[in-house]
Amino acid sequence: MGNKVKIMGMELDIMSEEALQKELEGYLSNDFLNVIHLISLDYMDAFEENEQIQETLGEADLLLPGEQAILSSSHVDVLATGGMVVDYRVAGRACGTDMLRGRTCYLILRDKKEAKVVYRYLASHHPELEVVGLYTSDSGVTDEALVNDINTGLPDLIFMSMESPHAEEWLYENRAKINAKLCVVLGSVMDMILRENIHIPKYVKRLHLGKVYTLLARIPYADMWRRRIFRKKMDNYNSKKLMELADVIEELSDEGENKGQ
């Protein structure tokens with residue numbers, strides 16, 4: 001299928017766009033729910049600190065890099081040039097028109113603002129995909145009602161953007177109950193999608209400041225800054241692991257001394 005790269009304890013699947021297309025075609029022909037997680041830099045801390053997230057990701061069918069910054073130590077530029085899946089854009093491109101024509105999807109999103117952006121994104125990039133249902137976390141609907149609504153619509157795909165660890169808890173509890181073929185968990189990269197598909201207010205357009213408005217909105221997710229943050233997180237992670245190793249060595253040394261006495 002592909003290779004794996006371990007980043008801060010998390011094993012990501014590294015595969016070509018063509019290989020991902022074949023995997024997706026297989027998932028969409030199954031009679032059970034497959035799960036793909038798109039992983040961003042912001043997800044790394046949550047993964048390290050939360051056992052529920054670790055367990056849920058361990059049961060996922062694919063863990064794909066959602067942004068290039070997390071592959072900074074893995075020759076991401078070479079991977080990108082070689083046609084590998086290095087972020088959510090390439091993953092989305094792998095879902096070609098022919099694959100999604102006649103398919104249906106259900107959206108599980110955080111709020112109505114997010115829903116508007118996702119609707120615009122799908123209408124622009126995948127108009128062949130029909131949306132058969134929508135849930136937002138601020139609607140107050142119970143998990144049981146959500147499962148029933150999904151199963152009533154019988155979607156091929158589910159696009160999920162819940163806050164962590166709610167998304168992982170929901171999947172852990174309900175994965176076996178869902179009548180769909182593929183769930184793509186987008187919560188980790190949704191803020192990036194929102195900023196890169198930002199709606200420019202009319203008054204900004206009238207002032208001819210659309211490009212400036214968009215540029216300012218995207219600054220927090222500029223690749224240069226994200227790679228710098230990744231390096232800092234990686235340094236902190238490695239330092240923590242070295243300290244843990246030193247503690248283990250010290251404990252073993254103390255045990256050896258005690259036995260010697």
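Trainee: How many cavities of 30 Å³ or more does the structure hold?

Mentor: A cavity is a set of points, on a 1 Å grid over the protein atoms alone, where a 1.4 Å probe fits but cannot get out. The structure holds 1 cavity of 30 Å³ or more. This is a predicted model, in which local features need pLDDT of at least 70 and side-chain atom pairs count only at pLDDT 80 or more, while totals for chains, interfaces and linings use all residues. Residues are numbered from 1 along each chain as its sequence is written, and side-chain values use heavy atoms, with hydrogens and water left out.

Trainee: How much space lies in the largest cavity?

Mentor: A volume is the space filled by probe spheres set on the grid points, which are joined across faces, edges and corners. For the largest cavity that is about 360 Å³.

Trainee: Which residues line the largest cavity nearest its centre?

Mentor: Lining residues have an atom within 4 Å of a point. The largest cavity has 23 of them, and Gly-92, Cys-95, Phe-159, Val-184 and Leu-186 lie nearest its centre. Helices (H or I, at least four residues) and strands (E, at least two) are DSSP runs, numbered from the N terminus. Among the elements that each supply at least two lining residues are α1 (17-27), α5 (88-94) and β8 (182-185).

Trainee: What is the lining of the largest cavity by class?

Mentor: Ala, Val, Leu, Ile, Met, Phe, Trp, Tyr, Cys and Pro count as nonpolar, Asp, Glu, Lys and Arg as charged, and the others, Gly among them, as polar. The lining of the largest cavity has 21 nonpolar, 2 polar and no charged residues.

Trainee: How do the residues of the lining of the second largest pocket divide?

Mentor: A pocket is an open set of points with protein on both sides within 12 Å along at least five of seven lines. The lining of the second largest pocket divides into 9 nonpolar, 5 polar and 5 charged residues. About 210 Å³ of space lies in this pocket. Of its 19 lining residues, Tyr-43, Met-162, Ser-164, Gly-187 and Ser-188 are the closest to its centre. The largest share of the lining, 3 residues, comes from β3.

Trainee: Is His-126 buried or exposed?

Mentor: Buried means under 20% relative accessible area, exposed over 50%, and partly exposed in between (1.4 Å probe, protein chains only). His-126 counts as buried because its relative accessibility is 10%. Its place is in the loop between α7 and β6 (130-136). Contact means heavy atoms within 4.5 Å. Not counting residues up to four places away in sequence, His-126 touches Gly-92, Cys-95, Leu-100 and Tyr-121.

Trainee: Where are Met-8 and Leu-154 found?

Mentor: Met-8 is in the loop between β1 (3-7) and β2 (10-14), and Leu-154 is in the loop between α8 (143-153) and β7. Met-8 is not a glycine, yet has a positive phi of about 50 degrees. Leu-154, also not a glycine, has a positive phi of about 45 degrees. Met-8 is buried at 5% relative accessible area, whereas Leu-154 is exposed at 55%.

Trainee: Which residues have the most contacts inside the largest nonpolar core?

Mentor: A nonpolar core is a set of buried Ala, Val, Leu, Ile, Met, Phe, Trp, Tyr and Cys residues joined through side-chain atoms within 4.5 Å. The largest has 61 residues, and those with the most contacts inside it are Ile-7, Met-10, Leu-20, Leu-24, Leu-71 and Phe-159. Helix α7 (residues 112-125) gives the largest share of this core, 5 residues.
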